[in-house]
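Good morning, and thank you for joining. Please look at the sequence and the structure as I bring them up.

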Amino acid sequence: MSRPFQTYVQRSYKLYILIFLLLSPNIGAAKLIDLNNYLDEIDIANTFELRKKGLMYIKNISDDYGMFFAWDYNKTQCMWMKNTPAELDVAFINKDGKIIEIHYMEPFSEESVCSSKPVLYAIEVRKDWFKHNKIEVGDIININNILSNDN
């Protein structure tokens, strides 16, 4: 293969990649989210006992309430809905604040819902809260603001 042809192929490939990146709406579209702008009350579950209890026995969760879970170790984390009558969504969040995935949590279910990757945080909110607030997988949660409010 001639040198000029190799150069042409390389430049064409780079141009193709650039056009793909520019025309892809989801690439680079992550938003930085300050949950304090969305939720009036955020409880922090940062001990084994608080994480174990979670939102058990709570029947109604308001649209401006969330429970933020913080674990001691970055690993695959699991949650369940034992004794929890409210319909919830959970977002698993990695150590950098990126939402890895969002799951619906079935009331009273004892089936574990686990993160597919190691995470350090999660937040439980009312069902469809993420959809209504247009918060999606890939968005970045400002973790420091939440943890700095933990008294």
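Which two residues form a disulfide, and how far apart are their sulfur atoms? Cys 78 and Cys 114 form the bond, with their sulfur atoms 1.9 Å apart; a disulfide here is a pair of cysteine sulfur atoms within 2.5 Å. The pair links distant parts of the chain, since Cys 78 belongs to strand E4 and Cys 114 to strand E7 (residues 113-114), 36 residues apart. Helices (H or I, at least four residues) and strands (E, at least two) are DSSP runs, numbered from the N terminus.

Before going further, a word on the basis of these values. This is a predicted model, in which local features need pLDDT of at least 70 and side-chain atom pairs count only at pLDDT 80 or more, while totals for chains, interfaces and linings use all residues. Residues are numbered from 1 along each chain as its sequence is written, and side-chain values use heavy atoms, with hydrogens and water left out.

To return to the disulfide: a search of the whole structure finds one. The torsion about the S-S bond of Cys 78 and Cys 114 is about 105°, so the disulfide is right-handed. Cys 78 has 40% relative accessibility and therefore counts as partly exposed; Cys 114, at 32%, is likewise partly exposed. The classes are buried under 20% relative accessible area, exposed over 50%, and partly exposed in between (1.4 Å probe, protein chains only).

Cys 78 also leads us to the largest pocket. Its lining comprises 22 residues, and Arg 51, Lys 52, Trp 71, Cys 78 and Trp 80 lie nearest the centre. The volume is about 490 Å³, taken as the space filled by probe spheres set on grid points joined across faces, edges and corners. A pocket is an open set of points on a 1 Å grid over the protein atoms alone, where a 1.4 Å probe fits, with protein on both sides within 12 Å along at least five of seven lines; lining residues have an atom within 4 Å of a point.

Which elements supply the lining? Helix H2 (48-53), strand E3 (65-75) and strand E4 (78-79) each supply at least two residues, and the largest share, five residues, comes from E3.

Finally, the backbone. Tyr 57, in the loop between H2 and E3, has a positive phi near 70° and is exposed, with a relative accessible area of 57%. Asp 128, in the loop between strand E8 (119-126) and helix H3 (129-132), also has phi near 70°, but is partly exposed at 24% relative accessibility.
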